[in-house]
Structure formats: structure tokens, C-alpha cells
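Biologist: I am new to this kind of model, and I would like to learn how its features are read, one after another. Could we look at it together?

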Number of protein chains: 2
Amino acid sequence: MTPAERLAALRNQLAKAGVDGLLVPRADENLGEYVPPAGERLAWLTGFTGSAGLAIVLPAAAALFTDGRYSTQAAQQLDPACWTLRHIIEQPPGAWLRENAAGLRIGYDPWLHSEAMLGRLKSAEVTLVPLAANPVDAIWANRPAPPAAPAVPHPLAHAGRAAEDKRAEAAALLREAGEDAVVLADAHSLAWLFNIRGGDLENTPLALGFALLRSDGSAELFMEPQKLSPETRAHLGNAVTARPRTEPAAALTALAGKAVRVDPEVTPAWFAETLRAAGAKVISGDDPTRLPRACKNPAEQAGARAAHARDAVALARFLHWLSAVAPQGETTEMMAAERLLAFRREVPLFRGESFPAISGAGEHGAIIHYRATPASDRIIRAWEAYLIDSGGQYLDGTTDVTRTVWTGPGPAPAPDLLRERYTRVLQGHVALAMLRFPQGVAGPYLDTVARTALWQAGLDYDHGTGHGVGSFLSVHEGPAAFSRAAKPIALAPGMILSDEPGYYLPGHYGIRIENLLLVKPAARQVDQVKDFLEFETLTLAPYDRGLIVPAMLSPAERAWIESYHARVFAEVAPHCDAEVADWLQQATAPLD
Amino acid sequence: MTPAERLAALRNQLAKAGVDGLLVPRADENLGEYVPPAGERLAWLTGFTGSAGLAIVLPAAAALFTDGRYSTQAAQQLDPACWTLRHIIEQPPGAWLRENAAGLRIGYDPWLHSEAMLGRLKSAEVTLVPLAANPVDAIWANRPAPPAAPAVPHPLAHAGRAAEDKRAEAAALLREAGEDAVVLADAHSLAWLFNIRGGDLENTPLALGFALLRSDGSAELFMEPQKLSPETRAHLGNAVTARPRTEPAAALTALAGKAVRVDPEVTPAWFAETLRAAGAKVISGDDPTRLPRACKNPAEQAGARAAHARDAVALARFLHWLSAVAPQGETTEMMAAERLLAFRREVPLFRGESFPAISGAGEHGAIIHYRATPASDRIIRAWEAYLIDSGGQYLDGTTDVTRTVWTGPGPAPAPDLLRERYTRVLQGHVALAMLRFPQGVAGPYLDTVARTALWQAGLDYDHGTGHGVGSFLSVHEGPAAFSRAAKPIALAPGMILSDEPGYYLPGHYGIRIENLLLVKPAARQVDQVKDFLEFETLTLAPYDRGLIVPAMLSPAERAWIESYHARVFAEVAPHCDAEVADWLQQATAPLD
């Protein structure tokens, strides 16, 4: 089917469903960042494969809304005879609906939108109509089956707390709030709460499903029965009842008259709509597992340290290989990323990449979400900047690390301006890493700390400074972030966040330096009255000494870098072979 | 009348008015920070004279809510037999009402509460009832008359823009939004929009009143007729109709069917209630003069520079006097503040203090809002820290400056720990002053920049880093602020804000260093793609060299301080007598 045929078939379906139009988001029923093939309705309908977007189909018009990251890609992938491309921030879909769909009935699949998302589209001019079945599914021939990887117990040694304890704590929160139950629609919450992991998505070990947790600590887990082996069922215990993923309706209807918490940001609207229709009282509130999940317990913290220490060996082997072994003038971006993945595959407890590696040489490094494809892949040339952002999923922790290096051969003859900018990015990265701050301060207010060295030179980067990272879970985990766009959630001990300032000169090069930081209590000092927090750096990999301008560093910055490099050598070299250890010694030697 | 008698008389009035209780805020009809004596109902009723508070009177209970700054003072001033004291954040009045006034009818004066304030008190349990007359006024014998100082034209040379232009611009904003008029209840908005100033309050040159601006640029000004001389009426022009302050009802009723903007944060609820009753459509929106008022025009910027240059002469004379002339062991905090005021009175265009000076020696410096009274006043002793925070209202600008000095005699033998902390406060102050940042960044995200030097030592200060300052208007002006508690309003050229980090060791000493900063465009640099902003420091006064530890400073910090001191000497000394100029030369000499 051509894009035009798909659109025509869909409009035919809409007429049958009694609506004039349809919202098609880039989302599946779990509303997560990653979507399994069965949920890629937007890509099937439009041809656009970016990770964020919303299509709106009207009788005589169809528009796709996406953000600046994807405008070029969307323009290439969409059939302009069928689709109009819009910038989701500058030309928001709500305004477009009011202008183009006044008086119309626009359908939506209540499984694919949160009430918060729908609220942003609502207006007096347009009627939004929930549909019982998704019209795309009716015309999508050969739609992939939903993922069905088994859900397996996450060992207590790595999880650190029994699922029963976690449920009891969340249930106590519900009782305090006078609520009888909470709907859990975020698959990360299920993984954390029940101490299970799965394989339904490419880079995140999730078992997709839903749950209902009651204020007595009992729960229903809505997950396909074939995913749950007898071992997993035994692990879940008697207080957890498993039911098919598609059958939560009866459980919700049974809550008539009860107060049920629903997180309006992460829960499909279907749940609140069904609860209200059943006569339950829907209370908007945060997913109660979100904050405890973000604050890693001692076992998870120990796991993160161990996973990073092992990951560091793969990184050292890779950086050595890139600098000294990779065939000059032959190695491409994709080959480099594959080489790093091969080193990681040799690391114990490795379970896969935590996201597809960004391996960008020269001008490709300036594309913040670059992914090398056979069409874009190119040789990493001599004497240019090369950026690699990658991470691993280990049974005991999730890693995410970026290094930017100047390619050989020989001592680095990088241009002075590039070295100055690398040093400013590094200064911001170090300023955040060595910061102490009072308990209660939120991440958005620390974003600035990583930018001031760049700002003084009139430079900046158009992304947040850092995101939360899960524990053998998503590499992008809320609610805390070093970003002015994020909600101001106070940082708390046990949170893990990335520290990744950058600088990008489009068409020329990109610089990004990323470590993961663990939030922990700071030692008390003289006359201190508040509790302070600080960061422990988890990632262990050398910065490119040839790109650092030592004269720009303050004594404190220099001391931090020297001490970090000494730690990298001391902790990583013993696990490397002699050649890599020698290389690492040079790479972590004191700055000139 | 005793406090008990006042409360009994009030309860009697409430019964007559048909309500069970009453809200008594610390506010007058203009809802500003400062209240004229006629509006001090809370102080009259309770005896509490702090600048922030809310009383709630119930049939058998009465509570006063105020914040941590005033808990000691309120405990001393309230009669515990009549009043319960509550912390307004930790024990919020809305929750107290729900617990203690369920089912009751609680009256409020709709002139003394914004709809935003009322919204925070509303609940299903309590009925809030607007009253036609304030019950306190009925029993307050000898209530002072409302202020009646004349409103005078603010010369165009200082205002920089004709009132007619300002009205036309604000009216265009209304037309763009499809609105017919806006209620202006903030007296600062009137002063700015009509280019008038007054004398109704102690430290802010306001003429209290209200206005209605229509989308054709015409306006009604509700202000007592006797305040408006023929000259002022001529200045206002034909498009502005003056009416008594107490008579806006007819004008609002005439807006039946029209769309009228009301700022829910700064407008008494009476306006929206009256408009709705008249059949007008009330639209919540920002006071349209707020942002243009905050962004000073070139004439106002020039005025601010000139006012600060003249104010600096008074400051230099004062600091010299304190260091070399004031009788040792005899000079008190109040005497010092009076001496500074006397020097300011000799400065051209001086119109009064912009707030009551904070003059605190030793342990008094640690009280953030300290005000020396005959009861607390004490001698400024040898070898202690002394903090003075003060400002002037000049016809061309408003100043606000804080310096902390180590008292003599002789070279400063300040303790090392105090010098280290002074230096950290100064590092934060300088870091903000020399910052460059992209256009679009809001003040709350820059607050951090002034704190990190203190944070690294486990220290902090419990106030914002800085507030907006008006142009011959309030020394505390919104909407921009360097404070995590403020809304994230993007900083824009022409804004003036204070930069005042501090450190306070209760019972021992306080350190605060404050300059005013003017936001202005930064020069473009290599490869710069965004517009950047930077600060011009307006305040000109030396830091105490004896309290600075030069070894703690980075080269950039040291260079900034040396350059600032050189500028202070060059710009201020020529206007001082020889003795003060000599002292200033030493005070601004290069650091050791």
C-alpha cells in the first residue's frame, strides 16, 4: 500500500466509526519512550520513523507534528501529496485542530493518550471522541504481533528490596492519602515494584503490562499469561494476581465507589474513563513508585558501581583500539560502534546496549541524535573530532557514557579553538561533578552550573545537561533531571543522573562529555546547619588529554581531573591486558 | 481598647453582618508590599506589626499566620489569651480553616484579597462570603485618614516615554488578545503608565488608586480628586478621565458584554466580582504594564546610572566616616543609619530612603530583616562585623546597596573563618555580576551561580539572591528575580535586579554584599548563534579589602574586583573632598 492508499483506507474506517478525523500518536499502550513494532502505527501510516510525533488525519487534510530534531528526516520520509509537516512547538497541534477541525468529531484511541496529552489538545471548537477500537489496526495488514518475551524475576541481590516490601511502602502512601488503589501503567513501575524484568523492547528490559495496586498491598498484574513462567508466578507470590494484559476492565469496574489514584501524565486515558464510568472516584496523583524507584537503594548503588567498573574495561579497550589498533582510513562510524559493542559483549552480566550508540565523526558529531546508517556511515578520518555516546544494560546496572576524542595519528594537532571549546565543555562537566548543594535543591537549578564556562564565550548547547538513569531499567528515567524543561524535583540520595554538557558546530564537529553521577550525602562541615548532597562519579573513562588546555583550568578543576584520571587508572588498568593498561597509563597521566 | 475588647467588638460586628468569622490580611486595597496607616487593620486588631500576615477570627478561636521571619516578633506582640500563632507555610490557613471552620460562613473584604489569594483558602468545607463593608472599620475609633499626598507628573526626561505612547502600546496588547479593557490595581502600574508619582507611602513614591485602560488607549483613573492638581490633570490629558478612588463601580458596570482582563494575582477580588455581576467577561491575564515597566528604557537606564553615581558619593562619605571619623565606642547602629541618611540628603534629586536602612552590628547583622529600634540599638564595637543595607529614592532612579565591613581601629584583624566566608559571599556576588547568558534564561536559574562558592563549604543563605528594582518606584519590583521561589520570567535588556548573596551565623555576625545590576545585550563572539545578555554593575562602592582572602580568588574574579575598584575610584573620587578621596584610594587599591 502507498501512503495515499493507507490514508484513504483509514478515512474509510473513520467514516465507519462515525468520526471525521483521528489522532495517531507515536505511542503504544504503555506510553513509554520506546515502542515495540506492533505499536508503530504512526510509522506504518506516515512513513515517518522518528521517536516523537503526532499525526492528525482530517477529511481533507493530514498533518504530522514533530520537533526540530526530526524536521529534516520527516520532510524526507513523508509523502508531501498526503502529509503536511508542522513543528510541534511553534505550530502546536491544539491550535491546528482549532483552525482546521472546528465543528468536527475527532477520534482517538484512549489507550494511546494520557489525559494530560488530551488536555493539551482539547478546545471548545473540536469534539474529541474515544474509540473502542483503533482504526489503524483494522487496515494494517501483517501488523507485527505484540512482544511476548518472558518476564523473569530480578534477583533480590540486584534489586536490593523484596517486592513485598516495596508494595507495602506504596500501599502505605495510598492509605495516608485516603486512596484505595492506584493504576500503574508505566512498565518501569511494574519492573521495579514486582522485581521483574523482560525483553519486550530493544534496549530496555521491560515486560509490558499494567497493574493495579491496592491499599492493602495486594495487586493485580495485567500481563499475557504466556509471559509468566511458573517460576515467575512463584516469585510474584500469592498477593499478586496475574490476568491477561487486555483484561483490566473487570478489575476497574469492581472499584465502584472507591478512590483510585491515576497519574494523568503516564496513564492511558482509558483507565480514568473506565473508572469514572464504573462509578469510582478518580484522583490525579503521582505514580507512587516513581520517586522510590529513582532513589536507588544500597544494593542498586553497589550494582551501579560494579557495572560501571566492568563497563569501563570495555571502554578502555575501545578507546585504546580506536587510538592504536583500528586501521587508519578504513574504520567507519558503524564499525567503531560494533567494535565497542563487541568489547561490551565480553563483559560479565551484559544484557545489551542501553540505547543505539551515537558514533559520529566530524560533522556527524554535531547532530545531537545522530545514528549512523549504511547510507550515512563514513570513514573516521585522521585528525578530526569523533564523538561516541553509548551505554550498556547489565544485570546490576545501566550505563551511559560519552567521550569525544581527536583522531590520530600521533600527538593531537587539534585546532586551538576546538581545544578551547572542549575545555569549556569539560569545565562545565567538572563543575557539576564536584558541586555540593543543599538537600531540597532541584535539578533544573543545577543545569546552569554546567553551562557557565560555555556561556562566558557566547556558546551553549540545545539540550538538557542530564537525565535520570534507571537500575537495569531505562537509560532515560524520571523524575529528576538537570534541565530547565523538567519539573523542579528535589534531588535525593541514590538518584543517578547523567552529566553531559556539549558544544556543536553544525557542519563541522560536535563535543559532548558524559559521566553518570550518583547523588549522596556530603560530609558535614564547620557551622553547617543544613544537610548537603554531593555526587559520586560512576563512569570511569579518560578524557582526551590532547584536547584539554591546562592553562584554562582553575586549580580545583585541574585537581579534580588529575584525581579522576588517577582513579580511572587505578580501578580499570588491573582488569586490562598489558597493552591496554600501558595506553591507559598514558591517557590518564598528569596534564602537561 | 485591649486586644480582647477589640476581638469581642469585632465578633459583635460579624454577627450583625451575618457571618461567623472574618479574614483580616495585612493588605490595603492596592495589595502592595507597603500599607499606609489607614490600611493597618491587622496591626490594629492583633498588635502584630510585621509586614506579612493573615488573621482569621472564628466564633471561639482566632489565629494569626505569619512566616519564619516574624515568629519571634509575633509571639511577643500577640495576646496569647486571644490569639493562636501559626506558621503560614507549615500550618497553612486553608488547612486550619478546613479543620476549625467546617460548615461556617467566613466573611472577607473583597477589596483586600486577590482572587488568587482567596483561591488558596477555598475549600468545600467552608463558605467564603464577600462583605459590603469591612467590619474592622466599624469599630476602629480614630482610624487614620487615607493618604492624600498630591500626584505629580513624572518628568518625561526621567520617564523616557510619553504616557500616551505607553497607553497605546498596552492598548495594542489588549486588542491583540481580543480584550476590551484591563483593570489596573497595582499602584506601580498607574505610576508607570501615567508617568505620575505620589507620596502616599513612606518609601515608595506612589499615588494610590486604580485605573481602567481601554483597548482604544483611553483610561479612567480612580484617584481622590484633591490629589490631582490642575497641572497633573493637564499632564494626564483628555484621554484620561479622573474619578474618585472609591467609585469604579459605574465604570465596571458599563462594561457589560465586554471582555475585561484582570490580573488575578494583583487585583482585589472586588473587581472581578463586580464585573461578573455586571455581565462582563472576565479574562485572567498578566497586568500588561508589568513587563514593559520592568524593562527600563534608555532614559531610565541613564537615570539609574546617574542616580547610582551620585548615591555612591554619599556611600563613600559614609564608609569613610565609619572607618575614620565616627567616635569609637560611642556610635550606635541607629546613629550610623542616620549619618548615612544625612549624607544622602545632600545628594541632588534625593527624595527619601527606598526602605528603612538595615544597620546591624555583630549578631544583629545575622538577622536578615533587622531594623534597629531604640530598644535594640547598640554601639558598634571595635573589631566586629557591621552590615548596612540601605537605598535612596532619587527622581532619576532607585538605589539599594549592602556592604559588610570589619570595624576598626587599625588594619583588619578579622578572624580567618569570617574572612573566608566573606570571600565566598563575594565570589558568588562577582560570579553573577560577570555572567553572560543566552536570552531566554530566567532569573531562578541564575540564583545558583551566586551560591556555589558557599555551597562548596556547606554554607548557604535563606533568601533569594536578588529582586527587581523600579525606576523611582518600588525597591522590590517584579516580575524578574534571582530566586528559586519566583516564576521563571526570562531576563530581558533594561531590567534592574539586585545581586545580594549573604552568609549569616546566628548570634555572631551576618555578611551580605549587594549591588544593582542592569541587564543589557552582550557583544557577539566567534561562532555565536544566539543573542546573549550580560550585566552592567550600577552600584559603586568598595568592598572591604581587609575581609578578602586574595588567595581564594580565581584570576578572573580578582581581575573583576580590581577593575571594579578602579572604576569606583575613577567615577566617585572626583566628587568627594580630599580626605574622602584619599580614603577611597586606599579602599580601592589593588589587593595584596
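Biologist: Let me begin with one side chain: is B:R310 buried or exposed?

Modeller: A word on the source comes before the reply: this is a predicted model, in which local features need pLDDT of at least 70 and side-chain atom pairs count only at pLDDT 80 or more, while totals for chains, interfaces and linings use all residues. Residues are numbered from 1 along each chain as its sequence is written, chains are lettered from A and ligands numbered from 1 in the order in which they are written, and side-chain values use heavy atoms, with hydrogens and water left out. Buried means under 20% relative accessible area, exposed over 50% and partly exposed in between, with a 1.4 Å probe and protein chains only. B:R310, with a relative accessible area of 19%, is buried.

Biologist: With which residue does the side chain of B:R310 meet in a salt bridge?

Modeller: In general, side chains of opposite charge can pair when their charged atoms come close. The rule asks for a side-chain nitrogen of Lys or Arg within 4 Å of a carboxyl oxygen of Asp or Glu. Here the side chain of B:R310 meets that of B:D396, at 2.8 Å from N to O. B:D396 lies in the loop between β18 (392-394) and β19 (397-398) of chain B, whereas B:R310 belongs to helix α14 (residues 298-325) of chain B, so the pair ties together parts that are 86 residues apart in sequence. Such helices (H or I, at least four residues) and strands (E, at least two) are DSSP runs, numbered from the N terminus. B:D396 is buried as well, with a relative accessible area of 6%.

Biologist: Which parts of chain B does the pair of B:E29 and B:R41 tie together?

Modeller: The side chains of B:E29 and B:R41 form a salt bridge at 3.6 Å, N to O. B:E29 is in the loop between β1 (21-25) and α2 (41-46) of chain B and B:R41 is in helix α2 of chain B, so the parts that are joined lie twelve residues apart in sequence. Both B:E29 and B:R41 are buried.

Biologist: How many salt bridges does the structure hold over all chains, and which residues are linked in a network?

Modeller: Over all chains there are 70 salt bridges. One network links A:D447, A:R451, A:D460, A:D462, A:R484 and B:K530. Within it, A:D447 pairs with A:R451, the closest N and O atoms being 2.6 Å apart. A:D447 is buried at a relative accessible area of 0%, and A:R451 is buried at 4%.

Biologist: How many residues of chain B are in contact with chain A?

Modeller: Contact means heavy atoms within 4.5 Å. By that rule, 30 residues of chain B touch 30 residues of chain A. The two chains bury about 2500 Å² between them, 55% of it on carbon and sulfur atoms; buried area is the accessible area (1.4 Å probe) that two parts lose on being put together, summed over both. B:Y445, B:W455 and B:Q456 supply 26% of the area that chain B buries against chain A, more than any other three residues. Across this interface the rule finds six salt bridges, and B:D462 forms a salt bridge with A:K530, with the closest N and O atoms 2.9 Å apart.

Biologist: What rotation superposes chain B on chain A?

Modeller: As a general idea, two copies of a chain are related by a rotation about an axis and a shift along it. In this model a rotation of 180 degrees, with 0.1 Å of shift along its axis, superposes chain B on chain A with an RMSD of 0.0 Å, which is the relation of a two-fold axis. The C-alpha of B:Y445 is the one in chain B nearest the axis, at 2.5 Å from it. The same surface serves both copies, since 100% of the contact residues of chain B recur in chain A. The superposition is by least squares on the C-alpha atoms of residues with pLDDT of at least 70 in both.

Biologist: To finish, how many residues of helix α9 of chain A are buried?

Modeller: Eight of the eight residues of α9 (residues 187-194) of chain A are buried, so this helix is largely enclosed by the rest of the structure. Among them are A:H188, A:W192 and A:F194. A:N195, which follows α9(A), has a positive phi, near 50 degrees.
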